[in-house]
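Please read this report alongside the sequence and the 3D view.

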Amino acid sequence: MARNLFVVIHGALIGLMCLASPAGAESQDACGLSGDVVSRVTGMLSSAETSAYRGTLLVEYAGNREFVAVEGTGSSGLITFRHLNRSADAAPETRAISRLPRVGLCELASYYGFASDPGQPVAGRQTYRLTIRPKDTLRLGYVMDVDQATHVPLRIVTLTSEGQLLERFEFAEFAALEQTLEPQEGIPVLKVTQGPHRLASLPPGFSVISSGHDPVEHWVLSDGLATLSIYVEPRPDKLSPGEGFVVTGATLAYTRGSFDRQLITVVGEVPLTTARLVAESVRPFGGQ
Amino acid sequence: MSLDDSVKESMSAVMDGEGTSIDVARVFRAVKADAAARDYWQRLQAVSSVMRTGQAPQVIDISEAVLSAIEGAPTRRRVGPLGSMAVAASVTFAVVFGGQLLGTPESGLPVATVPGVVVPMKGAAPVQASYGAGVMPSTIREPARTALNPSVSEVYERLAQQQLRRFGKRHAGWSAGVQPVAAVAHARLPSEVEQD
């Protein structure tokens, strides 16, 4: 057991080290990535739309460890899940998934380094490993063991850019369902509306994929892997300007009371630096 | 005990986001060992806040000592025109730095190598990349007490927690639209998030 753990740790670290070095002897294809990496990353990114599955997911983050029964169907855009450790006979919850615009692989490769290696079996299935390392300090990194047959990530470890583990997801059991579709083209963009504020600048690689005013003025940003949402509301009179944050697993919540009487909250799977930059970029329309 | 000029210079460089790894190491060493260095470091952060906002923060008492710190600070580098990026990076560094070293000098936690990076945060610091069932970081609350009014930091820490409960489910819905495994976005939600 201990030896297996040692081997796995070394595998993950070696994967990260490989990304730090120049590309090896493999032929380079699109965006400086090898053909093998391109096909695997593309397969992984599109698996949410093309694959249906049922399984039990082990979730570990922020001192919590629980099992979640999940069922996902790419075509319907529905996900059903049930937390098995929160209450006995918990009712399953169903959510509709609005697939957001997928970022092109070359654009993604501008901000993340990708490496592909043989993976270890997960939930009794053969995998390949994708190591996704951020090229700057504005996003997190991931090590994924991806199912060879469906390209669904069966194990996902989220790390800081320094390799510190934040959270881990792993299928304890996984069954692919028959329904498998081709990737959709022209995935609809969520509604983007104009409000009393604007974002003066965005962190490199991030773009606005949605915005609205319900329940408060908000934007949703993504770089293709990470997502963050920004909420702006009036700062209560009794609340002095200031800031604070909490981190739960990979999820950060950062709140700032600005001097111009706004209360800005950023929630996302991003480092604190990114949240601060985004909060600083909120400006009233017409302001500088 | 007076503070060495080289330490002051390194502190200024780090606060400007221009510190080298040598500067950072020197600052960490000084702040860990020297109360005068800690005091100077805190005053530099207050100065940085003034320069960033252009006005005295309501929650921070900018004293004569701080003003003299401005005048007496080594001028190798000043807070430059890098805009919010450098300042935010410096402040990020300062916040975590303050929380981890000034707050718990005995903790011996690993430290950042350069300002502005994803700094090691309390709880996450000792954990290395692993698939094992090792210790996972606990929920990390705002560790910083760098503002001279710590009660404001505590208020915002609680507020951030409330906002996560308030907006967490909504955020998970959007995040699920990007994640390769949509269930992950919902599975990671704490049980106390507000329901529909």
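## A covered helix

In helix α4 of chain A, 9 of the 9 residues are buried, so the helix is mostly covered. Buried means under 20% relative accessible area, exposed means over 50%, and partly exposed is in between, using a 1.4 Å probe and protein chains only. The buried residues of α4(A) are A:L272, A:T273, A:T274, A:A275, A:R276, A:L277, A:V278, A:A279 and A:E280. An α-helix has 3.6 residues a turn, so residues three or four places apart point the same way.

The model is predicted: local features need pLDDT of at least 70 and side-chain atom pairs count only at pLDDT 80 or more, while totals for chains, interfaces and linings use all residues. Residues are numbered from 1 along each chain as its sequence is written, chains are lettered from A and ligands numbered from 1 in the order in which they are written, and side-chain values use heavy atoms, with hydrogens and water left out.

## Chain A as a whole

Chain A contains 4 helices and 17 strands. Helices (H or I, at least four residues) and strands (E, at least two) are DSSP runs, numbered from the N terminus. Of the 288 residues in chain A, 56% are buried. Among contacts in chain A with a separation of 6 or more, 48% come from residues 24 or more positions apart. A contact means heavy atoms within 4.5 Å.

## Nonpolar cores

A nonpolar core is a set of buried Ala, Val, Leu, Ile, Met, Phe, Trp, Tyr and Cys residues joined through side-chain atoms within 4.5 Å. The largest one has 68 residues, and A:F114, A:Y142 and A:I230 have the most contacts inside it. At least three of its residues come from each of domain 1 (2–177) and domain 2 (197–284) of chain A; these bounds come from an automatic or database domain assignment. Another core, of 12 residues, lies apart from it and includes A:I209, B:A160, B:L164 and B:F167.

## Salt bridges

A salt bridge is a side-chain nitrogen of Lys or Arg within 4 Å of a carboxyl oxygen of Asp or Glu. Over all chains, the whole structure has 19 of them. One joins the side chains of A:R54 and A:E71, with N to O at 3.3 Å. A:R54 sits in strand β1 (residues 52–61) and A:E71 in strand β2 (residues 64–73) of chain A, and the two are 17 residues apart. A:R54 counts as partly exposed because its relative accessible area is 44%, and A:E71 is partly exposed at 30%.

A:D145 and A:R129 form another salt bridge, with their closest N and O atoms 2.9 Å apart. A:D145 is in strand β7 (residues 141–147) and A:R129 in strand β6 (residues 127–134) of chain A, so the pair ties together parts that are 16 residues apart in sequence. A:D145 counts as buried because its relative accessibility is 0%, and A:R129 is buried at 5%. A:D145 and A:R129 also belong to a network of salt bridges that links A:E60, A:R65, A:R129, A:D145, A:R155, A:R168 and A:E170.

A:R256 counts as buried at 11% relative accessibility, as does A:E280 at 13%.

## A hairpin and a buried glutamate

Strands β11 (residues 207–212) and β12 (residues 217–222) of chain A run antiparallel and are joined by 5 bridges. Two strands pair if DSSP finds at least two bridges between them. They form a hairpin with 4 residues between them. Within this pairing, A:S210 stands opposite A:V220 in β12(A).

A:E167 lies in strand β9 (residues 165–176) of chain A. A:E167 counts as buried because its relative accessibility is 0%. The side chain of A:E167 reaches the backbone nitrogen of A:A250 at 3.3 Å.

## Near the chain end

Where does A:F285 lie? A:F285 is in the segment after β17 (282–284) of chain A, and counts as partly exposed because its relative accessibility is 43%. Leaving aside neighbours within four places in sequence, A:F285 is in contact with A:Q194, A:G195, A:P196, A:H197 and A:R198. The C-alpha atoms of A:F285 and A:G195 are separated by 7.9 Å, although these residues are 90 residues apart along the chain.

Conventions. A polar contact is a pair of N or O atoms within 3.5 Å; within protein, one must be able to donate a hydrogen and the other to accept it, and residues adjacent in sequence count only if both atoms are side-chain atoms.
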